Amino acid sequence: MSDEDAATNREAVSPEAVNPPDGGADAVVLTGAEIVCECLLHEGVDIVFGYPGGAILPTYDALTKYPQLHHVLTRHEQGASHMADGYARATGKVGVAMATSGPGATNLVTGIATAMMDSSPIVCITGQVPTGAIGSDAFQETDVTGITLPITKHNYLVTSIDELPEVMREAFHIARTGRPGPVLVDIPKDVQIQEAEFVYPTEPIQLAGYSPPKTARARQVAAALELIRESERPIILAGHGISMAGANEELAQLAEKAQIPIALTLLGKGAISEQHPLCLGMMGMHGGAEVNHAIQQADLLIALGMRFDDRVTGNLATYARDSRKIHVDIDPSEINKNVTVDVGIVGDLGEVLRQLLDRVERRPNEAWFDRIAEWRADSELREIVRPAEAPQHPAVPEGKLLGAQVIRDLFEFTAGGAITVTDVGQHQMWEAQYYQHERPHSLITSGGLGTMGFGLPAAIGAKMSRPDQEVWAIVGDGGFQMTMMELATAVQERVNVHIAIINNGFLGMVRQWQEFFYEERYNQTPMVNPDFCKLAEAYGIPTVRVTERGQIEEAVNASRAQTAGPTLIDFVVEKEEIVFPMVPAGADLDDMIRRPTPAEFERQQRERAAAAEITEAETTEAEAPAAAAALGSRFGV
Amino acid sequence: MAKHILAALVENRPGVLARVANLFRRRSFNIDSLSVGRTQRDEMSRMTIVMESDSAEADRLVKNLYKLVDVVHVDHLHSQPSVVREMALVKVRATSDNRREVIQLCDIFRARIIDVSAESLIVEITGEEEKLENFTELVRPFGIVEMVRTGMIALGRGGHTLKDEGFKPNRSRAAARSSVL
């Protein structure tokens with residue numbers, strides 16, 4: 001264990017803990033359940049999200065002796081794991097979820113997988129049937145360490161009370177260090193009940209097979225600097241790793257010193273202020289067209305704490321073909337996984353960037369920036385969200401509220417300062433496109449797993465970890481209904497989270513794919529929804545419905561004026577809005593479906609009208625499916 | 001494509017074998033053989049993994065093995081001087097008519113006959129993969145009743161060893177250690 005980790009552990013010690021970790025105090029006899037609570041205090045835990053049940057009851061009983069550990073009763077264990085995740089992402093601290101055996105444990109699974117894909121540090125504690133009953137298909141028994149094997153960074157089945165303190169300490173250590181991730185600790189009921197002398201372990205954590213890398217080798221740093229020196233069209237791809245490593249300042253310095261533009265992954269938003277002149281915005285499937293063009297035309301990619309997800313690269317065979325590539329990541333298995341790179345550097349991003357910064361050279365890339373500016377000008381022409389008083393893009397339907405507008409206005413009326421937590425779907429992509437983040441950890445979203453239902457519970461967790469911050473849950477009507485039972489949790493805990501439902505009565509993103517690639521067969525995507533305002537009222541939540549752009553400001557301000565408990569705004573938006581641009585799955589990154597420019601749009605309208613006049617009946621029915629099929633085959637879907 | 005032989009030193013903790021096996025499936029690694037056994041240290045087991053792949057794929061497996069907390073050290077044994085052995089037990093149909101022929105064959109291959117019955121012999125043969133395969137081809141005409149192979153095991157020659165120095169298991173955890181199963 002490094003000195004740094006030792007320092008973290010020391011800081012985490014709560015004064016109320018029975019045994020200070022520097023030793024000295026006499027050992028006390030505690031139950032396993034009490035030892036769990038003691039260990040949580042030693043780790044600096046203040047909130048536990050969970051749901052009680054038979055096999056975890058001894059620990060819930062012990063919690064009554066530890067008022068410093070605030071337990072939040074969720075309405076479903078999935079909510080507990082998402083809340084722990086949201087808590088962790090908003091602060092970088094380890095989030096804790098607790099559940100009973102069997103169904104309690106399996107309900108955590110989606111949240112654990114979500115945390116795994118996005119490298120979020122959470123520790124899940126599950127009750128298990130007594131050790132003697134394990135393997136007998138006992139009531140509420142499930143092999144949760146088996147189930148979560150591929151979706152945890154590590155997991156434990158505690159078979160003896162003697163190993164409990166060490167296991168708890170290792171679990172937090174593994175969750176928070178290196179590439180963070182979820183760790184599950186499964187504790188049989190008899191181990192929770194047994195008693196043992198408790199002395200908090202003071203010796204350094206000994207894990208022979210676990211030592212997160214720190215600095216890069218000098219030879220690799222030199223090789224990277226050489227590639228940067230030789231490049232004329234470099235671009236930095238900044239991912240989630242930047243903010244997790246706290247390397248935001250180093251990223252800005254590197255970009256400024258070497259004059260390199262920065263593209264962000266979805267989870268990379270917040271790595272650098274999106275107002276920064278070198279920040280281009282988001283890349284990938286729904287990224288900015290200018291950003292994707294820049295990546296495809298670059299002669300050097302500098303990938304920092306990102307993992308070349310397929311939503312970011314498009315067709316790997318044609319991805320950034322003419323560029324050399326540098327990849328820095330803390331996880332060695334990410335290097336050369338999807339994209340073969342020229343220089344792979346394994347290390348902590350802060351350390352590696354400081355190593356690079358010492359010797360990177362200042363260099364102008366004027367011609368490169370001019371090209372990017374041209375692509376950006378074209379994008380701006382196609383922009384649909386404009387100030388209400390400006391001339392509108394002709395594709396904006398008269399009198400309709402657009403989801404994209406809602407996000408843009410929310411950005412404006414919250415002065416871009418909120419922590420936003422999204423669900424998954426069109427609204428998530430509009431958030432990424434139109435809510436410009438300035439600070440790290442201010443966008444919380446399920447990127448890797450794409451978990452619908454993540455938004456509301458993760459927002460509750462985020463708000464509880466950062467009560468000083470304004471938190472907005474931006475959700476779609478589909479995903480919201482997957483976990484909306486957590487409204488009760490928000491009310492019970494008086495969590496001041498502002499909920500914005502982007503309600504189009506459709507599973508919008510799936511509908512969009514059906515429109516483009518499945519010949520407009522909208523199978524199982526239209527939704528009959530409850531009246532969300534009446535639903536909120538049933539929970540005693542202040543609520544308002546917005547149907548026109550002019551109502552947004554007042555509704556947002558009214559929500560913000562509420563400083564206790566949740567609020568909910570039902571934004572009823574245009575049903576058939578499309579997220580542009582779009583790189584179809586498997587297509588080349590610069591082969592995007594674009595929104596037409598105003599001129600193109602008007603020409604298309606004229607042509608369509610003319611065609612309709614000439615051949616009223618016969619044409620379209622035969623040709624439209626063929627055209628859609630052609631579009632589909634072109635993109636290989 | 002080539003044969004890659006990897007050796008992994010792992011901590012003796014319950015479930016380690018499941019973690020490694022799960023990794024093969026989860027990341028679609030094509031494994032020819034996997035053999036596991038104890039080492040000179042109570043707290044460690046050693047796995048020998050053989051895969052037919054290109055070297056990028058083998059590197060990917062090594063990196064993913066290292067991600068497992070219980071895996072202490074991994075080495076490519078095919079790329080350094082090493083000895084590789086596999087053992088097979090082969091039950092060959094052999095009656096008084098042809099037993100002599102089978103015994104002659106065993107002598108040539110330095111295989112040992114460890115059980116005899118009226119209808120068959122059990123032959124123990126140790127060596128590199130090719131030797132085992134040649135032997136089974138030659139006894140096949142007599143009739144192989146059943147057979148079992150251990151999978152390959154390997155050690156680096158001389159100073160080529162897997163690193164485990166400096167690792168001391170925590171006292172309370174040592175009690176819980178038994179094997180990787």
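**Notes on the two-chain model**

1. Let me start with a loop: Ala415(A) has its place between helix H16 (403-413) and strand S15 (419-422) of chain A. Bear in mind that this is a predicted model. Ala415(A) counts as exposed because it has 8 C-beta neighbours inside 10 Å, and the cut-off for exposed is 12 or fewer.

2. Phe308(A) is another non-glycine residue to look at, with a positive phi of about 50 degrees. Its loop runs between strand S12 (300-304) and helix H13 (310-313) of chain A. Is Phe308(A) buried or exposed? Phe308(A) is buried, since 24 other C-beta atoms lie within 10 Å of its own, where 20 or more are needed to count as buried.

3. Phe580(A) and Pro581(A) are the two residues it joins, and omega comes out at about -15 degrees. Pro581(A) belongs to the loop between strand S20 (567-572) and helix H24 (598-614) of chain A.

4. Now chain A as a whole. DSSP elements here come to 25 helices and 20 strands. The radius of gyration is 26 Å, close to the 26 Å from the globule rule for 637 residues, so chain A is as compact as a globular protein of that length. Its C-alpha atoms fill a box of roughly 90 × 65 × 45 Å along the principal axes. Buried residues account for 52% of the 637. Take the contacts between residues at least 6 apart in sequence: 78% of these join residues at least 24 apart.

5. On packing, the largest nonpolar core holds 201 residues. Which of them touch the most other members? They are Val96(A), Val123(A), Val185(A), Leu237(A), Ala238(A), Ala263(A) and Leu304(A). For Val185(A), setting aside neighbours within four places in sequence, the contacts are Val123(A), Ile125(A), Tyr156(A), Val158(A), Val167(A), Met168(A) and Ala171(A). As background, nonpolar side chains tend to be buried together in soluble globular proteins.

6. Chain B has 5 helices and 9 strands. Read from the N terminus, the order is β-α-β-β-α-β-β-α-β-β-α-β-β-α. The C-alpha trace spans about 60 × 40 × 35 Å along its principal axes. Of its 181 residues, 29% count as buried. For contacts between residues at least 6 apart in sequence, 76% link residues at least 24 apart.

7. Domain 1 takes 2-80 + 160-176, and domain 2 takes 84-152. Their centres, over C-alpha atoms, are 31 Å apart. How many residues does each domain bring to the contact? Domain 1 brings 6 residues and domain 2 brings 4. On the domain 1 side, strand S2 (31-38) and strand S3 (44-53) of chain B each supply at least two residues. S2(B) gives the most there, with 3 residues. That side of domain 1 of chain B divides into 3 nonpolar residues, 3 polar and no charged.

8. Strand S5 (residues 82-93) of chain B has several antiparallel partners. It is joined by 4 bridges to strand S9 (residues 153-156), with Ser82(B) opposite Gly156(B). To strand S7 (residues 120-127) of chain B there are 8 bridges, and Ala88(B) has Ile125(B) as its bridge partner. To strand S8 (residues 144-149) of chain B there are 5 bridges, and Leu89(B) is the partner of Val148(B).

9. Last, the contact between the chains. It takes 24 residues from chain B and 19 from chain A. On the chain B side, the elements giving two or more residues are helix H1 (16-26), helix H2 (55-67), strand S4 (71-76) and helix H5 (171-176). Which of these gives the most? H2(B) does, with 6 residues. By type, this side of chain B has 10 nonpolar, 5 polar and 9 charged residues.

Technical notes. Residues are numbered from 1 along each chain as its sequence is written. Chains are lettered from A and ligands numbered from 1 in the order in which they are written. This is a predicted model: local features need pLDDT of at least 70, side-chain atom pairs count only at pLDDT 80 or more; totals for chains, interfaces and linings use all residues. Domain bounds come from an automatic or database domain assignment. Two residues are in contact if their C-beta atoms, placed from the backbone, lie within 7 Å. Ala, Val, Leu, Ile, Met, Phe, Trp, Tyr, Cys and Pro count as nonpolar, Asp, Glu, Lys and Arg as charged, and the others, Gly among them, as polar. A nonpolar core is a set of buried Ala, Val, Leu, Ile, Met, Phe, Trp, Tyr and Cys residues joined through C-beta atoms within 7 Å. The radius of gyration is taken over C-alpha atoms; the globule rule is 2.2 Å times the number of residues to the power 0.38. Two strands pair if DSSP finds at least two bridges between them.
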